[in-house]
Amino acid sequence: MAITTTGYGSGLPISDLVSQLVAAEGSPTETRLNQKEATLQAELSAISILKGALSSFQTSFAKLQDADNFTSRSPSSSDTTVASMTAKESASLGSYSLEVTRLAGAHKLVGQQGYNAGDTGSLSFANAAGDSFSVDIDSGNATLEGVRDAINAASDNFGVSATILNLSSGPRLVLTSKDTGEENRITSISSTSTSGDLSGFDYSYASNADPLLDGDSANYDQVRAATDAAFTLEGQALTSASNTVDSVIPGVTLTLKDTTETDKPVTLSVGTNTTGIQSTIEGFVTAYNSLQNLISQQTSYNAETGQAGSLQGDSLTRTVQNQLRSMISGSYNDGGAISSLLDLGITTNTDGTLKLDSDKLKTALADNFEAVTAFFSAESGLANRLDSGLDTYLQSDGSFASRTESINTQMSRLDDDRESLNIRMSALEARLLSQFNAMDAMVAQLSSTGDFLTQQLESISQISNFRNK
């Protein structure tokens, strides 16, 4: 409210006096409201930080709630130069003996006859699986390069790749099956000539006493036979058109790379991947310790400085901390080899934080993996109990939501209190101003009356002096 400058009668700085009196009257209340607001703001911030820390802690053990997350596999091979493997979570645990006698090979032929540019007609290709395709050779592609390009571009090409090899005797066509295995063997190439002679491209697969010589003909040299991989697994003879085998051991993909030496089988193993679970448990311990350190900081009291944490003495924080500590130190999976965190090498320090013995945890995972799984992921296991307990605090209608709403309500009331204070101070200002203005008017009137009386007395004095002369 604007204050009109007054004081013409009294000469007093009425505006300043009124402002100071109003400020003095409202200052204690204003200070109290500011202090209360600062306390609520700090409390609201601390509650928000604590809620976030609890949510992060809840996330840290989410993977431990589901037993399926404990089923990741760790495949291994005693000789990865011969065979390697990958395994899905569905793969059964086990060990297998592998011997590889032959790798799958892709058929390759190198032409031995030259080609007279300009010869036209068609070439037809077939493989052992019964697939076929044809290409036309005409004046537009009647070169060895044109033949190569026509084969590679054929839309129904069943998997033959054509290249050119420049030999001392001249350029030669090289044909390679794109896929390994006997079914992908090129069994025949037949020509039909319309001009010139394309019979130099003809081929008919023939079996020889030496399988590596199978397919040699006057027109082609077979430099690599089409072969299926031959191997034994657990003494059982098997073949595969590909060196990548994923149908023999369910959930396992085996990649054959070389043959084994006689009587020197490769050992394949599918074990449990404990490394990932150990890392998750270590992350759980780290998150819990971070949470405990935060709570200690927020509830601390420094006797030397008199400074207290924003949640010092807070009942909700104390309840959360006590419940967590109770669950962490509890016993689960009754009758199991692992029933407490102590069995995993996790102990409690005097300040409430956890200490992890990584070697003991590793041993527990190696020796009692199923018991560790049950300890965390069973319906009444630690991870699920912690999750349910935290949900009561963190869900949308939980304790933290109610607490936040309560603080916001109190802050809204502070706004109402400030508005009431402003109204009261405005009324006080108006009343004081009215009183001071009335006083100033009275002083002005008294001053005017005094001046009049002084003038009258002076006039009387002058008359008296005149008569006495």
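The largest nonpolar core of this predicted model contains 60 residues, and those with the most contacts inside it are Phe57, Phe284, Leu324, Leu341, Leu344 and Phe376. A nonpolar core here is a set of buried Ala, Val, Leu, Ile, Met, Phe, Trp, Tyr and Cys residues joined through side-chain atoms within 4.5 Å. Buried means under 20% relative accessible area, exposed means over 50%, and partly exposed lies in between (1.4 Å probe, protein chains only). At least two residues of this core come from each of α1 (14-60), α3 (274-298), α4 (315-328), α5 (358-367), α6 (369-377), α7 (382-394) and α8 (399-468). The helix that gives the most is α1, with 12 residues. In soluble globular proteins, nonpolar side chains tend to be buried together. A second, separate core has 24 residues, including Val160, Ala162, Ile189 and Leu198.

Residues are numbered from 1 along each chain as its sequence is written, and side-chain values use heavy atoms, with hydrogens and water left out. Because the model is predicted, local features need pLDDT of at least 70 and side-chain atom pairs count only at pLDDT 80 or more, while totals for chains, interfaces and linings use all residues. Helices (H or I, at least four residues) and strands (E, at least two) are DSSP runs, numbered from the N terminus.

The protein chain as a whole has 8 helices and 20 strands. Of its 469 residues, 37% count as buried. Contact means heavy atoms within 4.5 Å. Among the contacts in the protein chain with a separation of 6 or more, 67% are between residues 24 or more positions apart.

Apart from its neighbours within four places in sequence, Phe284 is in contact with Phe57, Ser60, Phe61, Leu64, Ile328, Leu341, Leu382 and Leu386.

The helix pairs come next. Axes are lines fitted to C-alpha atoms, for helices over the stretch in contact, and angles run from 0 to 180 degrees between N-to-C directions. The axes of α1 and α3 come within 8 Å and cross at roughly 165 degrees. This angle makes α1 roughly antiparallel to α3, a label for angles over 145 degrees, whereas those under 35 count as roughly parallel, 65 to 115 as roughly perpendicular and the rest as oblique. Their crossing is left-handed, meaning that the near helix is turned anticlockwise from the far one by less than a right angle; clockwise would be right-handed. On the α1 side the contact involves Ala46, Ile49, Leu50, Ala53, Leu54, Phe57 and Ser60, which meet residues of α3 including Gly283, Phe284, Tyr288 and Leu291. By class, this contact has 12 nonpolar, 4 polar and no charged residues. In this scheme Ala, Val, Leu, Ile, Met, Phe, Trp, Tyr, Cys and Pro count as nonpolar, Asp, Glu, Lys and Arg as charged, and the others, Gly among them, as polar.

Helix α3 also packs against α4, at an angle of about 150 degrees and with the axes 11 Å apart. That makes α3 roughly antiparallel to α4. Here, too, the crossing is left-handed. Phe284, Tyr288, Leu291, Gln292 and Ile295 of α3 make the contact with Thr317, Gln321, Leu324, Arg325 and Ile328 of α4. These residues divide into 6 nonpolar, 3 polar and 1 charged.

The pair α6 and α7 packs at about 15 degrees, with axes 4 Å apart. That makes α6 roughly parallel to α7. Phe375, Phe376 and Ser377 of α6 and Leu382, Ala383 and Asn384 of α7 form the contact, with 4 nonpolar, 2 polar and no charged residues.

Finally, a few loop residues deserve a look. Ser340 lies in the loop between α4 and β19 (346-348) and counts as buried, at 16% relative accessibility. Setting aside neighbours within four places in sequence, Ser340 is in contact with Gly330 and Phe375. Glu234 sits in the loop between β12 (229-233) and β13 (236-240) and is partly exposed, at 45% relative accessibility. Beyond its neighbours within four places in sequence, Glu234 is in contact with Ser95, Tyr96 and Ser97. Most residues other than glycine have a negative phi. Glu234, however, has a positive phi near 55 degrees, and Asp263 has a positive phi of about 60 degrees. Asp263 is placed in the loop between β15 (252-256) and β16 (266-272) and is exposed, with a relative accessible area of 67%.
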